[in-house]
Every structure is written in structure tokens, then in C-alpha cells.
Amino acid sequence: MATIKEGSKAPDFTGTDQNGNTVSLHDFKGKKVVLYFYPKDDTPGCTAQACNLRDNYSDLLKKGYQVIGVSTDSVKSHKKFETKYELPFPLIADEDKAIVEKYGVYGEKTFMGKTHMGTIRTTFLIDEEGSVYKVLDKPDTKNQTQQVFEAWEAAS
């Protein structure tokens, strides 16, 4: 599994979002992208993270950021999650794990003393040129947007 480093080119991908639309990273060239990987729709941490991004979405857009969520859940699961929480950004269904593996965020996890394979919550900030500006490998689910702003503003 690849480990994506800051300064490296963000791997391109194409996937299907909750509305059946095809979404590719290269569609966002020229824009800053908040690409966040999360374990599972409608779980406490994932809901907190998605809702934090939703609640600050207009501020993210004003600063030129595009938000894309990715998990290994199905399009149908993403649609229910989007509808329940009124999420305004694409959620990519990566059921074959191609994107999570490409980004190196699928691996062994421990939960309640049990080890299993799953998506490791990680956020990649990708600049307008398609390079990884920052990797947030321990995103604060309740304050994800603040982390994003602080990381980008540190560069200014």
C-alpha cells in the first residue's frame, strides 16, 4: 500500500457519488480540495466529521475549497447518509477499495480490542496543481473545518 507524502502528486481517481455521478479528482484541477476518507456512513465519528464540514461548507467554498468524502460504503448507503444529514458535497462509493488502497488509508485497525481491516480516517489537502499540500492523519471529527483552515493558513 502506498503512503502518500506531502508534496507528492495526489493520485487521480474516478468513482461514483451518492447521486450516481462520476467524480474524478482531475475534475477539480485549479481548485483546493479537501479529500477526506472515513470508515462508515452514519456512525458517530463519521457523522460528526461530515456535519462539521456541512455546517462550514459555505465558508469552505468562499475560501475556494472543494470537499469530497470517500468510504467503502455503497452508493445507496451514501445516499441515505447524505439525505439524513443534508450533506452538500460528493461522497464517493469505493466498494472495491481501489481509492482507499491507492491513498494508503486501508489497513489494520483495532476497535474494542478486536483487530480488523478498514478505512483509516485521513484527510488530504490537495492544492490547485494537484499536489498533496498536507496530510491530516488524525482528523478531529468535531473540528475538521478548523483544522483545514489552520493548515492552509499556515502556508500563507
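Modeller: Let's start with a term: a residue is buried when its relative accessible area is under 20%, exposed when over 50%, and partly exposed in between, using a 1.4 Å probe and protein chains only. F37, at 0% relative accessibility, therefore counts as buried.

Biologist: Before we go on, what kind of model is this?

Modeller: This is a predicted model, where local features need pLDDT of at least 70, side-chain atom pairs count only at pLDDT 80 or more, and totals for chains, interfaces and linings use all residues. Residues are numbered from 1 along each chain as its sequence is written, and side-chain values use heavy atoms, with hydrogens and water left out.

Biologist: How do I read a pair of aromatic rings?

Modeller: You describe such a pair by the distance of the centres and the angle of the planes. Rings of Phe, Tyr and Trp (its six-membered ring) pair if their centres lie within 6.5 Å; planes under 30 degrees apart are stacked, over 60 edge-to-face, and the rest tilted. The structure holds twelve aromatic pairs. Take Y36 and F89: their ring centres are 6.0 Å apart and the planes sit at 80 degrees, so this pair is edge-to-face.

Biologist: Which parts does the pair of Y36 and F89 tie together?

Modeller: Helices (H or I, at least four residues) and strands (E, at least two) are DSSP runs, numbered from the N terminus. Y36 is in strand 3 (residues 32-37) and F89 in the loop between helix 3 (75-85) and strand 5 (91-93), so the pair ties together parts 53 residues apart in sequence. Y36 is buried at 0% relative accessibility, and F89 is buried too, at 1%.

Biologist: And what about F37 and F124?

Modeller: Their ring centres are 5.8 Å apart with planes at 85 degrees, so that pair is edge-to-face. It links F37 in strand 3 with F124 in strand 8 (residues 122-126), 87 residues apart. F124 counts as buried, at 2% relative accessibility.

Biologist: Which residues do ring pairs link into a cluster?

Modeller: Y36, Y38, Y57, F81, Y85 and F89.

Biologist: Where does UniProt place the "active site" feature?

Modeller: The unreviewed UniProt entry puts it at C46. UniProt positions follow the numbering used here, feature names are shortened, and annotations may be inferred rather than shown by experiment. C46 is in helix 1 (residues 44-55) and is buried, at 1% relative accessibility. Contact means heavy atoms within 4.5 Å; leaving out residues up to four places away in sequence, C46 touches Y38, P39, K40, F81 and R121.
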